[in-house]
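User: Hi! I have a model open on my screen and would like to talk it through with you. Could you start with a pair of residues that face each other?

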Amino acid sequence: MDARVPRLLRRVWSRLKRPARAVVSYPVPPTYPGQDAIPDRDFYRPSEHGDWLFSPWLARNEPRGHGEFHDYLMTALEAGTAVGPERLYTLCTLASQCLHLDGDVLEAGVWKGGTAALFAKLLRERSPRPRELHLFDTFAGMPPTHECDAYYKGGEFADTSVEAVREKFEGAEFVRFHAGRIPDTFIGCEDLRFCFAHIDLDVYQSIADACAFVYPRLAVGGVMVFDDYAWSTCPGARRAVDEFFATRAMRPLVLSNGQAVVFKALAEG
Ligand SMILES: C[S@@+](CC[C@H](N)C(=O)[O-])C[C@H]1O[C@@H](n2cnc3c(N)ncnc32)[C@H](O)[C@@H]1O
């Protein structure tokens, strides 16, 4: 092109000369050679890069989990949960892996009991030894929050009660309710030890207090899952976790679904 043509015009011209990039959309899973051999293609979903990936937490267009996870998913959904299928899948998989360790299971942040119902089912069906499930919540809504918890003001999640949640666990003698505000409800529980902990408290001070109580009592090989670590609505959650683990050998692994996981590989408090 003539050098006297203005630079902007030359840029537009060279753009036009480039071959147009194909716009790819996947209304149904594409078939690659050998893909017919996959018996459960309904559980493959497009990733953000366009590849189809096995996603056992949810079938396409249906609230259905893959294999034995299906019943755990339905249990949590029926009890009522704010946790989505993908995060439920993480919980189910990691908690079941910890059942060969000594120690109880703890959940801090129960609300209507959906994730707790999943853990109760796991303990009932898969625990090789008797153990307890400890449930900590006000069961009356979020307490007053820290200034870094911009989204939460206190009082959220008040549409529940300890009586209503207790009814969902009738006959499950191994479930212990600790109703009231964390950290007050940790008093008297100092002798407990845990193999798995789900921390779903959303806000700064509650999570900081839960880390300080749970982590030193977590078995080596045990796992802590933080539900709301990466959510933009929960900056206090991330701050509390980062501050606590900044001085420890273990580091939180952030998952693409917003959870963070700590695998306790070393004995440290
Ligand atoms: C997101 S909800 C839990 C969701 C639940 N895991 C589910 O399956 O849907 C967060 C809960 O944390 C509780 N919470 C937050 N801070 C607390 C504290 N300091 N003491 C007790 N409960 C607290 C709230 O009462 C609320 O029920």
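Analyst: Happy to! L133 has V175 in strand 5 as its bridge partner. Strands here are DSSP runs of E with at least two residues, helices are runs of H or I with at least four, and both are numbered from the N terminus. Before we go on, this is a predicted model, so local features need pLDDT of at least 70 and side-chain atom pairs count only at pLDDT 80 or more, while totals for chains, interfaces and linings use all residues. Residues are numbered from 1 along each chain as its sequence is written.

User: Which residue in strand 5 is the bridge partner of L135?

Analyst: That is F177. Strand 4 and strand 5 (residues 175–179) run parallel and are joined by five bridges.

User: How many residues of strand 4 are buried?

Analyst: Five of the five, so strand 4 is largely enclosed by the rest of the structure. Buried means that 20 or more other C-beta atoms lie within 10 Å of the residue's own; with 12 or fewer it is exposed, and in between it is partly exposed, with C-beta atoms placed from the backbone. L133, L135 and D137 are on one side of strand 4, H134 and F136 on the other, and both faces are covered.

User: Why the two groups?

Analyst: In a regular strand the side chains alternate between the two faces of the sheet.

User: Which helices link these strands?

Analyst: Strand 3, helix 4 and strand 4 make a right-handed β-α-β unit. Strand 4, helix 5 (residues 162–167) and strand 5 make a right-handed unit as well. Right-handed means that, with the strands pointing away from the viewer, the path from the first strand over the helix to the second runs clockwise.

User: What order do the strands take in the sheet?

Analyst: The order is 5-4-3-6-7-9-8, an open sheet of seven strands with mixed pairing. Strand 5 and strand 8 (253–254) are the edge strands, each pairing on one side only. Two strands pair if DSSP finds at least two bridges between them.

User: How do strands 6 and 7 run, parallel or antiparallel?

Analyst: Parallel, with five bridges between strand 6 and strand 7.

User: New topic: helix 6. Is it buried or exposed?

Analyst: Eight of the 11 residues of helix 6 (residues 204–214) are buried, so this helix is largely enclosed by the rest of the structure. Among them are Y204, S206, I207 and F213. The buried residues of helix 6 pack against strand 3 (104–108), strand 6, strand 7 (218–226) and helix 7 (235–245).

User: And which residues are buried in helix 2?

Analyst: In helix 2 (residues 69–79), these are F69, Y72, L73, T75, A76 and A79. They lie on the same side of helix 2, because they cover an arc of only 160° around the axis; the arc is that of the directions from the helix axis to the C-beta atoms. Their cover includes helix 3 (85–97) and helix 4 (114–126). Just after helix 2, G80 takes a positive phi of about 105°.

User: What surrounds the ligand?

Analyst: There are 22 residues around the ligand, and the closest are T81, G109, T115, I182 and S206.

User: One last thing: where is L192, and what does L192 touch?

Analyst: L192 sits in the loop between strand 5 and strand 6 (194–199). Its contacts are D104, H134 and R217, leaving out residues up to four places away in sequence; a contact means C-beta atoms, placed from the backbone, within 7 Å. L192 is partly exposed, with 16 other C-beta atoms within 10 Å. L192 and R217 are 25 residues apart in sequence and 7.0 Å apart in space, C-alpha to C-alpha.

Methods: Two residues are in contact if their C-beta atoms, placed from the backbone, lie within 7 Å. A residue is near a molecule or strand if its C-beta atom, placed from the backbone, lies within 6 Å of it.
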